[in-house]
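Here are my notes for when you open the model.

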Amino acid sequence: MEDFFQVGIITSPHGVRGEVKVYPTTDDVRRFKRLKEIILDTGKERLNLEIESVKFVKQFAVLKFKGYDNINDVEKFRQKSLLVARENAVRLKRDEYFIADLMGLKVLDEEEQEIGVLRQVIETGANDVYAIDMKDGRELLLPAIKQCVLEVDVEAGFIKIHILEGLL
């Protein structure tokens with residue numbers, strides 16, 4: 001299981017006072033208001049940053065980090081990921097899972113035979129769709145609905161599914 005989750009990507013500095021514009025990769029951009037600190041992944045290291053202020057511009061969050069007070073301090077953060085530790089992640093409801101935890105899980109049929117591996121979760125308007133790489137080389141696009149997804153056990157590392165007629 002993942003220990004850290006990406007919640008945004010810094011797109012650019014915002015103004016000259018050290019603020020950055022963040023493209024959110026989380027379902028709820030307003031969650032930035034509840035965060036006190038965040039982790040910046042530079043690719044070489046992870047920096048813990050204290051969030052001083054948050055505002056919103058269109059679909060973006062604009063963050064100001066404590067101790068970073070001008071554009072030169074944050075210019076190097078362009079295109080870097082912002083992470084939160086699992087304990088600071090949003091609370092999940094029953095039958096909700098973090099996409100990062102689902103990736104790579106074995107996919108079993110109703111008889112508990114392994115048929116493939118979950119490669120991708122495609123987020124659509126109505127429901128998510130699981131892209132499954134099947135053992136026979138085909139790809140199965142399975143709607144993530146109760147009729148198809150019978151059981152998810154992240155700890156045991158599997159998803160049990162029912163394939164509706166016409167999906168294969």
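Predicted model: local features only at pLDDT ≥ 70, side-chain atom pairs only at ≥ 80, totals over all residues.

1. Numbering runs from 1 along each chain as its sequence is written, and side-chain values use heavy atoms, with hydrogens and water left out.

2. Which residues touch the most other members of the largest nonpolar core? They are Ile-10, Val-22, Phe-32, Ile-38, Leu-63, Phe-65 and Leu-82, out of 22 residues. Strands E1 (4-14), E2 (19-24), E3 (37-41), E4 (46-57), E5 (60-65) and E6 (81-85) each supply at least two residues of this core. Another core lies apart from it, with 17 residues, including Leu-105 and Ile-159. "Core" here is a set of buried Ala, Val, Leu, Ile, Met, Phe, Trp, Tyr and Cys residues joined through side-chain atoms within 4.5 Å. Buried is under 20% relative accessible area, exposed is over 50%, and partly exposed is in between (1.4 Å probe, protein chains only). Helices (H or I, at least four residues) and strands (E, at least two) are DSSP runs, numbered from the N terminus.

3. Val-22 is worth a click. Setting aside residues up to four places away in sequence, Val-22 touches Gly-8, Ile-9, Ile-10, Phe-32, Phe-60, Ala-61, Leu-63 and Leu-82. Contact is heavy atoms within 4.5 Å.

4. On aromatics, the count comes to three pairs, taking rings of Phe, Tyr and Trp (its six-membered ring) with centres within 6.5 Å; planes under 30 degrees apart are stacked, over 60 edge-to-face, and the rest tilted. Tyr-23 and Phe-60 are edge-to-face, because their planes are at 65 degrees, with the centres 6.2 Å apart. Tyr-23 is in strand E2 and Phe-60 in strand E5, so this pair ties together parts 37 residues apart in sequence. Is each one buried or exposed? Tyr-23 is partly exposed at 42% relative accessible area, while Phe-60 counts as buried at 16%.

5. Asn-70 sits in the loop between E5 and helix H1 (71-74) and is partly exposed, at 29%. The Asn-70 side chain reaches the backbone nitrogen of Asn-72 at 2.7 Å. Beyond its neighbours within four places in sequence, Asn-70 is in contact with Val-16, Arg-17 and Gly-18.

6. Asp-101, in helix H2 (residues 99-102), is buried at 9%. Its side chain makes a polar contact of 2.8 Å with that of Arg-86. The rule is N or O atoms within 3.5 Å; within protein, one must be able to donate a hydrogen and the other to accept it, and residues adjacent in sequence count only if both atoms are side-chain atoms.

7. Last, the hairpins. E7 (residues 106-108) and E8 (residues 114-122) pair antiparallel over three bridges, where pairing takes at least two DSSP bridges. Five residues lie between these strands, and Glu-112 takes a positive phi near 65 degrees. E8 also pairs antiparallel with E9 (residues 129-134), over six bridges, and a hairpin of six residues joins them. Gly-116 in E8 is the bridge partner of Val-107, and Met-134 is the partner of Gly-116 in E9.
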